[in-house]
Amino acid sequence: MRKEIFTIAVLFLLSISTQAQTVVGKWKTIDDETGKPKSIVEIYEKSGKIYGKVIDILEAEHKKKVCSNCSGDDKNKPILGMVVIKGLSKQGNEYRNGKILDPKNGKLYKAIVALESKDKLKVRGYIGISLLGRTQYWYRLKK
């Protein structure tokens, strides 16, 4: 009886730690070219989908930039406050079937987002098939 209770307790704790691993939170993005921290994106859930909003730009000279290359509603809007991850759905261990915006060139790409570890996020934007794209790694902000 004691062994069964211990086993149930361990399984319960494992299920809690698995549930705690989520993409929701604040993430530091890294510039592909310089390797320097670029921005903070807050990933949140709304109506069962995942979104990401730029909540801070780390380089002072870029804080007031607008997305001049964007189209539609994002055209000439400030990048600070912009939603750059749009409508991803959970499929297994990944989030997909949504878009990611690159404010640098104004283009929307298909996206796949997945946790590499609890504090490292793999973010892939691509055109057509996922082989034609690029991957970034974002790092969870510690509280």
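## The β7–β8 hairpin

Strands β7 and β8 form a hairpin with six residues between them, and within the turn Gly 128 has a positive phi of about 70 degrees. Helices (H or I, at least four residues) and strands (E, at least two) are DSSP runs, numbered from the N terminus. The two strands run antiparallel and are joined by seven bridges, among them the one that pairs Arg 124 with Thr 135 of β8; strands are said to pair if DSSP finds at least two bridges between them.

This is a predicted model, in which local features need pLDDT of at least 70 and side-chain atom pairs count only at pLDDT 80 or more, while totals for chains, interfaces and linings use all residues. Residues are numbered from 1 along each chain as its sequence is written, and side-chain values use heavy atoms, with hydrogens and water left out.

## Overall make-up

The protein has one helix and eight strands, and from the N terminus on its elements run α-β-β-β-β-β-β-β-β. Of its 143 residues, 30% count as buried, where buried means under 20% relative accessible area, exposed over 50%, and partly exposed in between (1.4 Å probe, protein chains only). Among contacts (heavy atoms within 4.5 Å) between residues at least 6 apart in sequence, 33% join residues at least 24 apart.

Gln 136 lies in β8, which spans residues 133-140, and with a relative accessibility of 16% Gln 136 counts as buried. Its side chain is joined to that of Asp 32 by a polar contact of 3.0 Å; such a contact is a pair of N or O atoms within 3.5 Å, and within protein one must be able to donate a hydrogen and the other to accept it, while residues adjacent in sequence count only if both atoms are side-chain atoms. Leaving aside neighbours within four places in sequence, Gln 136 is in contact with Ile 30, Asp 32, Leu 121, Lys 122 and Val 123.

## Salt bridges

The structure holds nine salt bridges, each defined as a side-chain nitrogen of Lys or Arg within 4 Å of a carboxyl oxygen of Asp or Glu. One of them links Asp 102 with Arg 134, their closest N and O atoms being 3.5 Å apart. Because Asp 102 lies in strand β5 (residues 94-102) and Arg 134 in strand β8, this pair ties together parts that are 32 residues apart in sequence. Salt bridges that share partners join Asp 32, Asp 102 and Arg 134 into one network. Asp 102 is buried at 11% relative accessibility, whereas Arg 134 is partly exposed at 42%.

Another salt bridge is formed by Asp 74 and Lys 86, with the closest N and O atoms 2.9 Å apart. Asp 74 lies in the loop between β3 (49-57) and β4 (83-91) and Lys 86 in strand β4, so the pair ties together parts that are twelve residues apart in sequence. Asp 74 is buried, with a relative accessible area of 18%, and Lys 86 is partly exposed, with 26%.

## An exposed loop residue

Glu 33 is found in the loop between β1 and β2 (37-46) and is exposed, with a relative accessible area of 66%. The side chain of Glu 33 makes a polar contact of 3.5 Å with the side chain of Lys 104.
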